[in-house]
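Here's a quick briefing to read with the model open in your viewer. Have a look at the structure first, then work through the notes below.

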Amino acid sequence: MEMEIEAEEEQVQMEPPKIHRLDDSVVNRIAAGEVIQRPVSAVKELVENSLDACSSSINVVVKDGGLKLIQVSDDGHGIRYEDLPILCERHTTSKLSTFEDLQSIKSMGFRGEALASMTYVAHVTVTTITKGQLHGYRVSYKDGVMEHEPKACAAVKGTQIMVENLFYNMTARRKTLQNSADDYSKIVDVLSRFAIHHMNVSFSCRKHGAARADVNSVATISRIDAIRSVYGVSVARCLMKVEALDKDPSSSVFQMEGFISNSNYVAKKITMVLFINDRLVDCTALKRALEIVYAATLPKASKPFIYMAIILPPEHVDVNVHPTKREVSLLNQEIIIEKIQSVVESRLRSSNETQTFQVPVHKMVRTDSSDPAGRLHVYLQPESCGHLERNTSLTAIRSSVRQRRNPKETADLTSLQELIDEIDRNCHSGLLDIVRHCTYIGMADDVFALLQHDTHLYLANVVNLSKELMYQQVLRRFAHFNAIQISEPAPVKELIVLALKEGNLDPECSENVELNEKIAEMNMELLKQKADMIEEYFCIHIDKDGNLSRLPVILDQYTPDMDRVPEFVLCLGNDVDWEEEKKCLQVISAALGNFYAMHPPMLPNPSGDGLQFYQKEIEHELVAEAETAWAQREWSIQHVLFPSMRLFFKPPNSMATNGTFVRVASLEKLYRIFERC
C-alpha cells in the first residue's frame, strides 16, 4: 500500500507545471526592474531625454541617493499637451516609427520604455510647457497611465520630471540600495561624464536641500577646460590629445578624438569616459585593449584617464543590445579597436614628457601670522610645467566636483573656514525659507524686486542680496574659479587714477593730479607684488607690466559691470590688510562682492525718469546702450541671481532689520478687506 502511494506521489511530481499568462502589472514591473536597475539608471534616462529635447540647461536634484527623490529639469522644447495621455505608456516614443529607423537612429532614447518603467516602480510627476503656451501642465502617472487629467500650472520653459519613492513596491531591490552616498556618487559621476562631452549644455547636480551643487556647469568650446573643471587641474595637466580617422569602407569607417593621460598621471583605477555617436556607453573590449597598451608602455601609470568620442555611420552601430542601452555593438568592432589601440600606443611612445612632482605645504601648522609659514604666500602652489596651457574662459565649466575628487587642491586655510562658518552660524532661518521658496514677480523699481512667498508679498533689495551672495560665493569657490578674459588688458595705474578722479571735488587741480599719480604708482607696485597670490586664490591676473587681464567667474552666466573696475582696483590697493590673513581674505572677498553686485547701470534708465537725460542729449546710440544694459541686468536678476540664491545663499540675520526684505502685503489681510467691501 505504501509503495502505491509513493508511486502516485512520484507520478504527480513528474507532471509538467502548467504554463499561465502573467498579469500585465507583473510583466511591467519585471521589465521595469531591468531598465531601471538603480537610481543612476533613472537619472541617465531622464538626462538623455532632456538632451533629445534640445535642452541647453539640465538641472538634477537628488534626495537619499535617488530613492526618495530624483528631479530633472530642462529648458528643452517640452511635451505636447495631446501627447501627455500616452507619455508613460510602454513603447510610445517620438524617436522612431518603424524597425528600420533603428538603423539610422541618432537620438539617445528610442524604445519608449524608460518613463513607463519608472511609473511602475515609483511615483512620477511631469510638468511641461511648450513654446507659445501661456501656461504649462502638470500630471502624475502610475503604472503607465495618468492618475488625473493634466492640470494647468505656472511653468518655465521646458520639462521637469519628478520621480519619488523609487522601488517603493520592490522591497528586496530597495534594501540592496540603502547606501545613498554610493548611489549619489554614481549619479555625480554620470553627470560629470555628460558635462565634459556635451559642452554646449550646462549641467547642475546637487543633493536636495544642499547649499552648493556638486556639478555646476555652463557651456564651453574647450574640451580641456571642461575636463579641467570637472576632474581637476591635476588630471588636466597630465592629458594629451589623441585622434584617429579611417575612411576605408572595406575595413572600417570611423573618427575618434579624445584625451589620454601621460606618464605623470598616477591613479588606483582606470577612468574611461566613452561616447559613441554622442551616446554614453561602456565597451569592455576597447577598455581592456587600452589597459594592455598602458601596462606595456607605461607600467608605472597603468591606470589611465581616458576620454574618447567615436563617431561612426549610424547604420554601423546596433544600439538595441542592452536593456539600459549601456552597451552597443559595432560593425567591424575588432578592426576599430585595433586601430585605436595602435594610435594610442604610438602617442604614448612618442611622448617625451617627464614626470613632475609638487610638494604642497598644506600640512604645515600655522600659528603665528608673523611667521613665514603663517603667511598666504607660503600656500601658493607653483604653476604647472605641463604641456597644456591654462586656457580659461567665461564659458568654461566650473564644478565643485573637483574639490570632492581632489581635496589636496582645496586651499587649506583655517581663516577661510572660519569665514564660511560665520556665514553658516549667522544665517536667518526665516529669510532662508523665503529665499529658497519665493517666486520672482518682477522689478518694482531700479533697486527692489517684488517676490511672493506663500501668501505674502515682499520687496527685496537686489543690490544688497547680490552683494552678499557674491561675497559668499567667493569664499566657497576660493581657489577654484574659472576666468573672464579681458579682451584688452587694462593698465592698473590708469584705472586707479580714474577712480581717484571720480572721488575728487576738483579733479583737474594740478596738486590732485600729481598726488593721484603717486598713489596710483604705489598701489600698482603693491598689487604687482601680490599678483601671484591674488591670481592663485581669486583668479585676478595682473601681469608683470601692471595690466589687469583676467577676473574670476563668481556666478556662471554673469559678467560684472566693467564700469566699476576702477573702484574695485582702488579698493584692492588701498583697503586690504595684506599681513592679517583673515582680514585680507574677507576684504578682498567683500570687494569682489561689491564689484559683482547687480548695481543699477551707470547710464540712467531710459524707460523711467532717466528718459529726460536722453531727451537733453539726444544720442540714439547712448539710448540703445542704456536699454541693453538695463535689460541685461533684469535678465540676470531673474535668471541668474534668484536661481543661484535658491541654491547657495544664506541670508545673514542683519537682512531681517536693515530693509533688504520688506513685507508689503499679506493676501489674508487683503481678502478680509475685500470681504468688508
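Let's start with a strand pair: β20 and β22 (residues 547–552) run antiparallel and pair over five bridges, where pairing takes at least two DSSP bridges between two strands. Helices (H or I, at least four residues) and strands (E, at least two) are DSSP runs, numbered from the N terminus. This is a predicted model, so to speak of local features takes pLDDT of at least 70 and side-chain atom pairs count only at pLDDT 80 or more, while totals for chains, interfaces and linings use all residues. Residues are numbered from 1 along each chain as its sequence is written, and side-chain values use heavy atoms, with hydrogens and water left out.

**The β20-β22-β21 sheet**
- Within the β20/β22 pair, P491 sits opposite N547 of β22.
- That pair belongs to an open sheet of three strands, ordered β20-β22-β21 with antiparallel pairing.
- β20 (483–491) and β21 (541–542) are the edge strands, each pairing on one side only.

**Around β11**
- Strand β11 (residues 252–261) is mostly covered, with seven of its 10 residues buried; buried means under 20% relative accessible area, exposed over 50%, and partly exposed in between (1.4 Å probe, protein chains only).
- On one pairing, β10 (residues 239–248) runs antiparallel to β11 and is joined to it by 10 bridges, with A244 partnering M256 of β11.
- A hairpin of three residues connects β10 to β11.
- β11 also runs antiparallel to β14 (residues 305–311), with six bridges joining them, and G258 has M308 of β14 as its bridge partner.

**Buried spots elsewhere**
- Helix α18 (residues 565–575) is mostly covered too: eight of its 11 residues are buried.
- The buried residues of α18 are V565, P566, F568, V569, L570, C571, L572 and G573.
- G232 lies in the loop between α7 (223–231) and α8 (233–236), and G232 counts as buried because its relative accessibility is 0%.
- The C-alpha atoms of G232 and H480 are 9.3 Å apart, although the two residues are separated by 248 residues along the chain.

**Second largest pocket**
- How much space lies in the second largest pocket? It comes to about 2200 Å³, a volume being the space filled by probe spheres set on grid points joined across faces, edges and corners.
- The pocket has 49 lining residues, and the closest to its centre are N59, S73, V156, P643 and R646.
- For the cut-offs: on a 1 Å grid over the protein atoms alone, a pocket is an open set of points with protein on both sides within 12 Å along at least five of seven lines, and lining residues have an atom within 4 Å of a point.
- Elements giving two or more residues to this lining include β1 (57–63), β2 (69–74), α13 (429–437) and α21 (620–648), and α21 gives the most, with nine residues.
- The lining of this pocket divides into 18 nonpolar, 22 polar and nine charged residues; Ala, Val, Leu, Ile, Met, Phe, Trp, Tyr, Cys and Pro count as nonpolar, Asp, Glu, Lys and Arg as charged, and the others, Gly among them, as polar.

**Cysteines**
- Searching the whole structure turns up zero disulfides, a disulfide being a pair of cysteine sulfur atoms within 2.5 Å.
- C54 is exposed, with a relative accessible area of 64%, whereas C427 counts as buried at 18% relative accessibility.

How values were computed
On a 1 Å grid over the protein atoms alone, a cavity is a set of points where a 1.4 Å probe fits but cannot get out, and a pocket is an open set with protein on both sides within 12 Å along at least five of seven lines; lining residues have an atom within 4 Å of a point.
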